[in-house]
Every structure is written in C-alpha cells, then in structure tokens.
Amino acid sequence: MSRAENSAWWERARRVMPGGVNSPVRSFQAVDGDPVFFARAAGSRFTGEDGRGYVDYCQSWGPLILGHADPDVVTAVRDAVAEGMSFGAPSRREVLLAEAVLERVPIFDQIRFTSSGTEAVMSAIRVARGFTGRDLVVKFEGCYHGHADSLLVEAGSGLATFGTPSSGGVPADFTRHTAVLPLDDEPALDRFFREHGDEVAALIIEPVPANAGLLVQTPEFLRRCRELTAHHGALLIFDEVISGFRVGPGGAALSLDIRPDLATYGKILGGGMPVGAFAGRGDILAAVSPLGPVYQAGTLSGNPVAMAAGLTTLEKTGRPGFYEELESKAALLERALAEAIRDSGVTARIVRVASLFWLTFQESAPRSFGSIETDMSAYRAFHRAMLSEGIYLAPSGYEVGFVSAAHSERDILATGEATRRALTRLAQEMTA
Ligand SMILES: *Cc1c(COP(=O)(O)O)cnc(C)c1O
C-alpha cells in the first residue's frame, strides 16, 4: 500500500461517483490534496490506503463516541447479524433501544426510529405540521438539519463550504414555508414571533449548533426559543443528531434543562450504523401513522443490527463516569491546542463544548453564522500540515472535531505537539 495506491482508488472513485464521494465534504474540495481512503480503523486510529496510520478526530462525523470498531459494539453487531439482518417486523432490540433512550431522556414518552438523521428531522417536521395544523417552520442560519428539501436553506458546512446558500433542485415553493433567522439574535426572534408566531408549526434548532463551526448559544437565547414557541402554540424541536448522547447522557435538552416538544437523534444513537429517531410527547407522537394521520415509514427502520450497535453504545456511555472521563480528555485536548496556538503566535481560537471542538482562525468565538471568518486559507494550510503529522481533522474549516472515549492521553498530547509544529510552520509561512 502506498500513496500511489490511494491515488489509484481516488481516480477510480471519481470515475464512478460524482466528485468521487457519497457525501460532499469528504471530497477534500474545501482543503488541499486528495482524500485519504480509510482501509481499516480501530479506536482512535485508522490506517489509510496510503499505508499510513492516523489519529482520527472526525470519527465518522460524530457517531463513534466509543471510537472506531469498539469491540463490544462489534460483538453485539455480530450476534445480531447471526440472528437475521432485517425483519421488517417488530423485534425486541427496537423495544430495548427505545426504552434505553427514553430512560436517558425521560422528558419524552415515545420515540420512532428511522435510518438517518435526515429522515428523523424530515419526519419530525411533518409531525409538527400535522399536529399543529400549521405550515411555517423556523430554522436558524448555519444550522444543518439534514438534506430534506424544505430545510436546505442557509444550512451549514457542506453548503457553506461550497458557498451556496441553498441547493439546486429545490423549488422555491418548497422552502416558502421555511423562515430563516440569525442565531444569537433575540430581538430578531422576538420580532418574528410578534409578527408570525401564530402561523408557526415548529421552530427547529441545534441546541449546540455544530455544523458551521461550533456556534455556542447562550442558555437565555435557547430559553427564549422555548418561551416564544410555547406562547404561540408552536412546537420546539431540538435537533440533537450531534448533541444527543454527546454533550451528556440526556443530550442538550437535559444538560440545559430546557424541555423541547420533540427532539431528533442520529449519529451516536446508531453507534456507527445508519440510525435516526424522533422522540417527543405522547400526545404529539399520537399524530403519527398508524395511530394518527401523519404518514411516516421505513423498510429498514428499527433494523435489528443497527439497534444492536445503538444499544451497546448507549449501554457503554451509560456506565458511571463515562462522560466525566470524556470531558477530562476533551479538556486536556483543549488545553494542549490552546497552548500550541499561544506559543505559535497565530491568531486562532479553540472552541469546545463537551467532546466537540472547533479550531477557528479568528480572534473571538463567533455565535452566529454571519460572524464566521470566511477566509479558510489558514485552515487549508493547517489541515494539510496536520495530515502530514498523521492527525486527521475534518476536511473543512466549518466542521467540528470529535473526541472519543478511545482517544488516549498519549494521542492527545501527541496531537498538541503536532499542532504546535503545524501552527509554528504556518506562522512562518504567513510572515514569509
Ligand atoms: C448529521 C446531522 C443531520 C443529518 O443526519 P444524516 O444521518 O446525515 O442524515 C441532521 N441534523 C444534524 C444536527 C446533524 O448534525
């Protein structure tokens, strides 16, 4: 295996798939060079088709809170596969995972599983509209909620990366019922609800917006979202596809002590298998087919193999001390990166929420999409330097990093050292 082999795969990929990929940011279009093909991965690390080993902070974009190929998850998946790969009928692991989620997020009564986060959000929106009898949905600029038509409006990294505010192929009519507001702007939110509050079916927000950098919101802003929706008879949807089971066992809703009407999950919930879900109050979920008029379905929904991976992931994250240990690892990484930034003299900042982190080449941490520095040339150079150090970061400056339970103190300290070298080189290049 060699660099040549990696290039050969990349050439073949581009012949048979648009941009060589099945999801756009993977193409490395936002950074320099060719993508590394993953050959195999375990824990914090993977080996590329280029024959090199890397420490991975992308972790499949968030699902792998236990790291790659956790041995217990792998065993659970093997056991499930041996009993049948798909039933298309009720089976016990769906019940077990539903119970496990509702035990962690006891503010909800029921849950339905889908096969992706996109489907979960699309369905939750439909349920909100069906339940309220209203059409209008409010989202925030820079929040990504999957690629359902009506939500592809000013939607975060993949789109921000390519500089398009929304997607081709989506009729303007389809987004006519989607209003977009800026994050961290209470006056704009108040004004909108004063004028249109009674038409709003749902307000959807990532409580920890992590798809266009890490745009940490104040608890006051999120509480205002709750108050206004409640006051106007609209539903509040927390899109916890990233934050769920990441920022704490009960996601952002429980960490912040804010009770949304519905929440969507994915990523960690599937432990590396394709899973999404929406959960909520019983009276709302009663609107869903076959109980109610809102249609929602899936051939592979509740797939036993995917449920097995999710169950084991939740079981392991539910062990005493799990989140505390992850927090201390992430804090160690934050310190290491902050020191590297300081010592290099480069203008940059590390933003962190639990085990999510974002390195941005600007002075202060932005809280809204509009205040993100759009010149990503420093990130491109940094990404390339880190890759050559054997550290794999997300291939776009708009993407966050993920610390997993499998990252060791050694990995983290080595990452700090690599960052120091990369940033020092960057500082030299910038002054050269
Ligand atoms: C990843 C993500 C989605 C979409 O999930 P997919 O499984 O990629 O369809 C939706 N919302 C948020 C907040 C996400 O991070």
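1. A cavity is defined, on a 1 Å grid over the protein atoms alone, as a set of points where a 1.4 Å probe fits but cannot get out, and its lining residues have an atom within 4 Å of a point. The second largest cavity is lined by W358, L359, T360, F361, E373, D375, M376, Y379 and G397.

2. The model is predicted: local features need pLDDT of at least 70 and side-chain atom pairs count only at pLDDT 80 or more, while totals for chains, interfaces and linings use all residues. Residues are numbered from 1 along each chain as its sequence is written, and side-chain values use heavy atoms, with hydrogens and water left out.

3. The count comes to 2 cavities of 30 Å³ or more. The largest cavity has a volume of about 120 Å³; 15 residues line it, and F357, L359, Y379, F382 and L393 are the closest to its centre. The second largest cavity has a volume of about 60 Å³. Volume here is the space filled by probe spheres set on the points, which are joined across faces, edges and corners.

4. T419 lies in helix α13 (residues 409–431). T419 is buried, with a relative accessible area of 0%, where buried means under 20% (1.4 Å probe, protein chains only). Contacts of T419, meaning heavy atoms within 4.5 Å, are L337, A340, F382 and M386, not counting residues up to four places away in sequence.

5. The structure holds 0 disulfides, a disulfide being a pair of cysteine sulfur atoms within 2.5 Å. The sulfur of C58 is 19 Å from the closest cysteine sulfur, in C143, and is therefore too far for a bond.

Key: Helices (H or I, at least four residues) and strands (E, at least two) are DSSP runs, numbered from the N terminus. Buried means under 20% relative accessible area, exposed over 50%, partly exposed in between (1.4 Å probe, protein chains only). On a 1 Å grid over the protein atoms alone, a cavity is a set of points where a 1.4 Å probe fits but cannot get out, and a pocket is an open set with protein on both sides within 12 Å along at least five of seven lines; lining residues have an atom within 4 Å of a point.
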